[in-house]
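Visitor: I am new to this structure and would like to learn how to read it. Please show it to me and start with the terms.

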Amino acid sequence: MLASLPPAFAATRDALHALVEHVISAARYQATGRIGLRVTPGGFGTPVFDNQQVRLEGVELVHTKGGRERRTFITTLHDAADFVGVALGAPDVYETVTHVDPDAPLPIDATSAGVLADWLAFGNLHLEGVRGTLRAHDWSEVQLWPEHFDLATDLGLSDGTRANLGVSPGDDLVLDPYAYVAPW
C-alpha cells in the first residue's frame with residue numbers, strides 16, 4: 001500500500017503534466033517529430049536529440065545543449081518555453097488534456113515532484129525488468145507519453161495479441177498513482 005500522498009500532489013501532477021504536454025514534449029517534437037519521453041535521474045525528460053536534452057530534475061527545468069547545462073526553477077509554461085527556446089504549445093499529434101493559462105504560476109511542490117519522480121523511476125525499473133524477463137516477445141520501448149502522462153510499453157505475443165503495461169501518477173479517474181495491464 002502507498003503511503004499518504006503529499007497534500008499538493010494532485011496539483012503538482014497536473015502542473016507537471018502541462019509542462020510535459022506544452023514544453024518538454026514540444027521541444028522534442030519540434031526538432032524530431034517524436035513525442036515520447038523517458039525517465040531521467042530525479043524526474044523525466046526527452047532523450048538526447050540534436051545534441052540537446054530537456055528534462056525536469058526535482059523542481060528545476062534543465063536544458064543541456066552542446067555540452068552546456070542550464071537550469072531554472074519552473075514558474076510558468078511561457079517562461080519554461082522561453083527558457084528552452086521552443087514555441088509554447090502541444091504537438092499537433094495528440095489532443096491536449098491540460099488547459100493551463102501559459103502565464104499563470106504553476107503550483108509545483110518539491111515534495112510532490114519527488115514522489116512523482118520516484119513513482120516513475122519505480123515503474124520504469126519494473127517495466128524494464130518485465131521486458132528483460134520476456135525477451136522473446138515483441139516489446140515497444142518504455143516511454144512517458146505526454147498526452148496521458150503515463151509511462152508505458154506494449155507487448156506483442158506470437159498469436160498477435162497485444163497489451164499495454166504501464167504506470168500512471170494518477171489522473172482525473174484514479175487520483176492515486178497506479179499500475180495497469182490493458183489488452184488492446
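Guide: A residue counts as buried when its relative accessible area is under 20%, and as exposed when that area is over 50%. Keep in mind that this is a predicted model.

Visitor: How many of the residues of H1 are buried?

Guide: In H1, 17 of the 24 residues are buried, so the helix is largely enclosed by the rest of the structure.

Visitor: Where does helix H1 bend, and what follows it?

Guide: Helix H1 covers residues 9-32 and bends by about 45° at alanine 26. Just after H1 comes glycine 33, with a positive phi of about 80°.

Visitor: What should I know about nonpolar side chains?

Guide: In soluble globular proteins, they tend to be buried together. Here the largest nonpolar core has 37 residues, and the members that touch the most others are Leu16, Leu19 and Phe44. Two or more residues each come from H1, strand E3, helix H2, helix H3, strand E8 and strand E9. H1 gives the largest share, nine residues.

Visitor: Which residues does phenylalanine 44 touch?

Guide: Leaving aside residues up to four places away in sequence, its contacts include Leu16, Val20, Ile24, Leu116, Leu120 and Phe149.

Visitor: How is a pair of aromatic rings described?

Guide: By the distance of the centres and the angle of the planes. This structure holds three aromatic pairs. In one of them, phenylalanine 44 and phenylalanine 149 have ring centres 5.7 Å apart and planes at 80°; planes over 60 degrees apart count as edge-to-face, so this pair is edge-to-face. The pair links distant parts of the chain, 105 residues apart: phenylalanine 44 is in strand E2, and phenylalanine 149 is in the loop between strand E7 and E8. Both phenylalanine 44 and phenylalanine 149 are buried.

Visitor: Why is the pair of tyrosine 178 and tyrosine 180 called tilted?

Guide: The planes of tyrosine 178 and tyrosine 180 stand at 50°, with ring centres 6.1 Å apart, so the pair is tilted. Tyrosine 178 counts as partly exposed because its relative accessibility is 23%.

Visitor: Is threonine 64 buried or exposed?

Guide: Threonine 64 counts as buried because its relative accessibility is 19%. Its place is in strand E4, residues 60-65. Beyond four places away in sequence, threonine 64 touches Asn51, Gln52, Gln53, Arg55 and Glu69.

Conventions
Residues numbered from 1 in each chain as written. Predicted model: local features only at pLDDT ≥ 70, side-chain atom pairs only at ≥ 80, totals over all residues. Heavy atoms only, no water. Helix = DSSP H or I, 4+ residues; strand = E, 2+ residues; numbered from the N terminus. Buried < 20%, exposed > 50% of the residue type's maximum accessible area, 1.4 Å probe, protein only. Contact = heavy atoms within 4.5 Å. Bend = angle between axes of the 7 residues up to and from the residue. Core = buried A, V, L, I, M, F, W, Y, C linked by side-chain atoms within 4.5 Å. Phe/Tyr/Trp six-rings, centres within 6.5 Å; stacked < 30°, edge-to-face > 60°.
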